[in-house]
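Visitor: Could you walk me through the strands here, one step at a time?
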Amino acid sequence: IFYVLRESNGTHLTFGRYQETIGILYLQNTFDVIDNEVILFLPHLLLPQRIDTMTTLRFSWSLKCPPSMLPVSYRTGDPVKEEKRKRKRNHYRDSWFRIWKNLSEMKGLKDLTVELDIPSDRMSEWTVQELEIAKSVTIPDDFLLVLRGDMAQRMRGRIGGPNCRTY
């Protein structure tokens, strides 16, 4: 909080006390993220001590297919296009692992919800083994992994650690 006083001759004096609000911002708010890239690059966007003060995070994660089932690119005869497709496939797979790693390293989390937004025609491709990576997230007291449709029924109780519930 800063105070500004004006003296009788018209000059302004500023003095007062700085009040830290970072704790309030990160501790008392729910962060609602719908962009995969935000979680992927979170360690580059915020200081580690800020990330570690976040207590509640909701993350809706849009996924196309399991990282192990990425489509094999067909040969186009154009090495530039083939290299671009290869980089895109590798980015998708690497992002999967890096996002889970980033979530698992958030030391202050108490409440985490991760909703996997998967197209209904691709849900049957996902296996327990694909989602076992959720076990790496052990810090929050309450971790809710939201799955949809028959995928939720197939996976319920089969993935996650003691702090993880599937819905």
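Visitor: What is the bridge partner of F31 in β4?
Guide: In this predicted model, the bridge partner of F31 in β4 is L57, and D32 stands opposite R58 in that strand. Strands are DSSP runs of E with at least two residues, helices are runs of H or I with at least four, and both are numbered from the N terminus.

Visitor: And in which sense do β3 and β4 pair?
Guide: β3 and β4 (residues 56-62) pair in the parallel sense over 4 bridges, where pairing needs at least two bridges found by DSSP between two strands.

Visitor: What order do the strands of the sheet have?
Guide: The sheet is open, with 5 strands in the order β3-β4-β5-β6-β7 and parallel pairing. Because β3 (30-33) and β7 (164-166) stand at the edges with a single partner strand each, one side of each has no neighbour in the sheet.

Visitor: Which helix packs on the sheet, then?
Guide: Helix α5 (residues 79-104) does, touching β4, β5 (111-117) and β6 (142-146), with contact meaning heavy atoms within 4.5 Å. The direction of α5 makes about 170° with that of β4; such angles run from 0 to 180 degrees between N-to-C directions, along lines fitted to C-alpha atoms, for helices over the stretch in contact.

Visitor: Changing topic, how many residues of β4 are buried?
Guide: In β4, 5 of the 7 residues are buried, that is, under 20% relative accessible area with a 1.4 Å probe, counting protein chains only, whereas exposed means over 50% and partly exposed lies in between.

Terms used
Residues numbered from 1 in each chain as written. Predicted model: local features only at pLDDT ≥ 70, side-chain atom pairs only at ≥ 80, totals over all residues. Heavy atoms only, no water.
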